[in-house]
Amino acid sequence: VPQWCVEYALSYEFSQGLVCCSQPYSVAAVSLALRVADEMDLSLGLEVGYRVPHDNSCTPDTLLRFVTDTLLLEEMMSDPLLHQYSVVVLDELQERTVPTDVLLGLLCDVCHQRPDNFRVVLLTHPTLAPRLAAFLGPSVPLLSLESLPVDSPNGSQEAGEEVEDSRMEDRNAANSNRVETLYREISAGKESVAAACHMVLDLHRRGEEGNVMVFLASAQEIEEFVSLLEKESVALSPQLGAVRMLSLHAGLGALTQRVYESDPEASALRGNETSEGADAAGSGVKRRVILTDNLAEASFSLPGIRYVVDTGLQLKTVYNPQIRANSQVLRTISKHQADMRTQRVNSSLPGLCLRLYPQSLYEDSMEEAHCPGVVEENLSHLVLLLKRLDIADMGQCKFLDRPAPEALMQALEDLDYLAALDDDGNLSEVGIIMSELPLEPPLAKAVIAACEYDCVDEMLTIAAMLTASCCFVPPEADRDEAAVSHWRPLLHTEGDHMTLINIYNAFMEHNQDEAWCTTNFLSHAALQLAVVIRAELLEVMQRIELPVSPPAFGCQENCDNIKRTLISGFFLKVAHDVDGSGNYLLLTHRHVAHLHPFSSYLCCHPCPSPPSWVLYHEFTISRDNCIRIASEVDPQMFVELAPQYFLGNLPSSDGKVLLMELRQKLDPHGCDEEGSEDCSRTRRGEEAEAPGQSSTELCVVQ
C-alpha cells in the first residue's frame, strides 16, 4: 500500500508532498523500509528511508518514509498540518497504541484543513474495520482485501512473470488448504513454556516439512524457551535434522532482521551431531522455530510458516494512576489476537495452529479485542504533548476509546507538580522546554534543573542510561557471584545513579569495546544506545540554548548537586526504610518494596546497611516488587526541594510525619500558610470530583 501511495504522489511529481507510513514498533518500521527498498529496487536512505527513535536514515530527498507513530506525533509539534506530506499511511491500527490513537484523531482535523492536497490511508485488521468506519463516518470509503497481493520480485520482466505465475500457484494452493486449529489444554502444574517446547519437539519428531512460529507471553519466556529446548534437544535422534531457533521481539532491535535471512546465525540444535554433519548426511528436515511475543501478530509476515503454537498469554504492563505505578499482568489474549496468530500460517502445505488452551476459553472467556493503550498507560507525556499542540481540553481530541478521567487527572496533577503548567493550565516556560526533550516528564524536569545546579554533563549521562535498556546482563544461575565481582569496581558508594555514570565513563574509556562489555556482564547494545541518546540530548540542549556545565563528577559537591537535580524531577518516587532491614515504604502509595539484587548497596563488599531514604527510578508491581536504580537522599534535602503542597497531599505514614516535622523546623511560619493552601487545593479537588460532571469537565476544572 505505501508503494501505491508513492505512485499516487509521483503522478503529481510530489508537488503536494512526500509519503509517510507510520508504524507502532521501531523494528517494524526498519524492517518494512528495508523490504520496500529492495522490492522497488531503490536505495535505502535516498528514495526510501526510515526514522525511528535514535536512528534516522532519511535525507531531505527521501520520498517514502517509514516512521514510528511516536515520532510522527512529535513532528506535529513543529508542523501541526504536516505540510511536507501529501499522503500519510497509519499502519497496524489494531495495535491501539497511545500515539496511534491520538494520531487518528489529529489527522482527521488535518484532512479538514487540507482537503485538496492531503490524504490519509488507514490500514487495520478486518476485526477493527466496522468500529473504525463508524468512528470516521460514511464519507470515508472502506476497502476490504480478501487476499493479499503477491509480491513481485526484482529482475527482468520475463523472469518476473515466471516467478509471479509460480507464486500465484503457491498462493492458490495455500488458499485451498485450510488451516486446522487444534486445542490442547495444558495439564495442571505444567508451565506454558514447557508445554510449548514439548509441542515443538513433537512436531519436529513427525519429520514433516515446515517452519514453526511459537507465541509466548514475553521476552523472558522466549529466553526460557531457548534454554529449555537446548536441554531437551539432547535426546533427539541425529536423523531428524537441524532445528534453528530465532527470537523475534522488540528488544532485539536490528537483530530482528535475521528472520528474513536465508541462513541466519542462530542456535543450531542437534541430538549428537553438529548441523554441518547433518548437511553432509543430507538426512532429516531443516526446521526454523520463530519465537515471538505479540510483535509478530501483524508486523512481520514470514514465508514457510506451517505450524503455529499459541500459548494464548501475554505479559502486559498496566499503569495504575491511583498508586502511580506499573503492574506486570499476565493475561489472556483477545479473540482478535488469537485469530491473527492463526493467520501467521503461510505455507503451500496444509497448516496447523495448536492453541494451548481449551476451546471454551476462546469462545466464552476471551475479550473480542485487547484493551487500548490510552486506558492502560501513563498519560503524562501525552498530555504534555497535546498541551504543546495547543489542545488545552482533551475533549477537543477525538479518541476511539476515551482515556479514563482519573488517568487524565493524575497526569495533569503530575505536570502541575513538575511546574510544567501555569495557573491557567497552559504550558509554562518550563513545560515548553520539557516538551522539547525526548524524555519522560520527570527526567526532562531533572535535566532542566541540572542547569541550575551545574551538573548538566552528569545528568545527560544519567538520562541517557535510564532511557536506554538495562545495561546489566542477567548472569546464569551459577554465575551470579562472577558477575557481581566484575561489577564491584564500577559501583559507586553514593548509589545506583552514580554507578550508571561510572559504567558509561568506563565504556567510553575502553573505546566502546564489545569484548570489555562481555567480560563485565554488560550489554554492549544498551551502552551504545546510551551514547546515541546522550548525543541527541546534548544537541537539543544546545539548540534551545540551555547552559551545559563542564564535567565535575567525582567530588562530593557534584554528587550532592546530582541528587538535588534528581529530587527536582523524581520527588514522586521516594521511599524510606521502615524497619532498618531494607523494607521500603513508597511514600505516594504505601506499597512495600525491596532494593533490586543488583543494586550498588547490595553488591558492595562488605555490604553496608541499607540507606534510610532512597530516590528510585522505577517500581513495578510484579513477583519480586523491587525498586530499580535507587540512590540515598537526605530527607531534609527532599523537604527543601519537593513542592510543599505535594508533601501535604501524601498519604499518612511515619515517613510523612518525619517530613512534616522537618518542614516545620525549616519554616515554621510558612508551614501554616502553605497548610491553608493545601486545604484549599483539597477543597478544589473535592469540588472537581463532585458527582454529575463529565470526564471532560473534570479535566477542564483541573
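Author: What follows is a set of questions and answers on one helix pair and several salt bridges.

Author: This is a predicted model, in which local features need pLDDT of at least 70 and side-chain atom pairs count only at pLDDT 80 or more, while totals for chains, interfaces and linings use all residues. Residues are numbered from 1 along each chain as its sequence is written, and side-chain values use heavy atoms, with hydrogens and water left out.

Reader: At roughly what angle do the axes of helix α19 and helix α22 cross?

Author: Helices here are DSSP runs of H or I with at least four residues, numbered from the N terminus, and axes are lines fitted to C-alpha atoms over the stretch in contact, with angles from 0 to 180 degrees between N-to-C directions. The axes of α19 (residues 496–509) and α22 (residues 556–570) come within 11 Å of each other, and they cross at roughly 115°.

Reader: Which residues of α19 and α22 make the contact?

Author: Contact means heavy atoms within 4.5 Å. The residues that meet this divide into five nonpolar, one polar and one charged. On the α22 side they are C559, I562, K563 and L566, and on the α19 side they are H497, M498 and I501.

Reader: How many salt bridges does the count come to?

Author: Side chains of opposite charge can pair when their charged atoms come close. A salt bridge is taken as a side-chain nitrogen of Lys or Arg within 4 Å of a carboxyl oxygen of Asp or Glu. By this rule the count comes to 21.

Reader: How many residues apart in sequence are the parts that R131 and D401 tie together?

Author: R131 and D401 form a salt bridge, with their closest N and O atoms 3.1 Å apart. Because R131 lies in helix α5 (residues 129–136) and D401 in the loop between α13 (380–388) and α14 (405–417), the parts tied together are separated in sequence by 270 residues.

Reader: Is R131 buried, partly exposed or exposed?

Author: Buried means under 20% relative accessible area and exposed over 50%, with partly exposed in between, for a 1.4 Å probe and protein chains only. The relative accessible area of R131 is 39%, so R131 is partly exposed.

Reader: What separates R205 and D202 along helix α7?

Author: R205 forms a salt bridge with D202, and the closest N and O atoms are 3.3 Å apart. Because the two are three residues apart in helix α7 (residues 192–205), their separation is about one helical turn.

Notes. Ala, Val, Leu, Ile, Met, Phe, Trp, Tyr, Cys and Pro count as nonpolar, Asp, Glu, Lys and Arg as charged, and the others, Gly among them, as polar.
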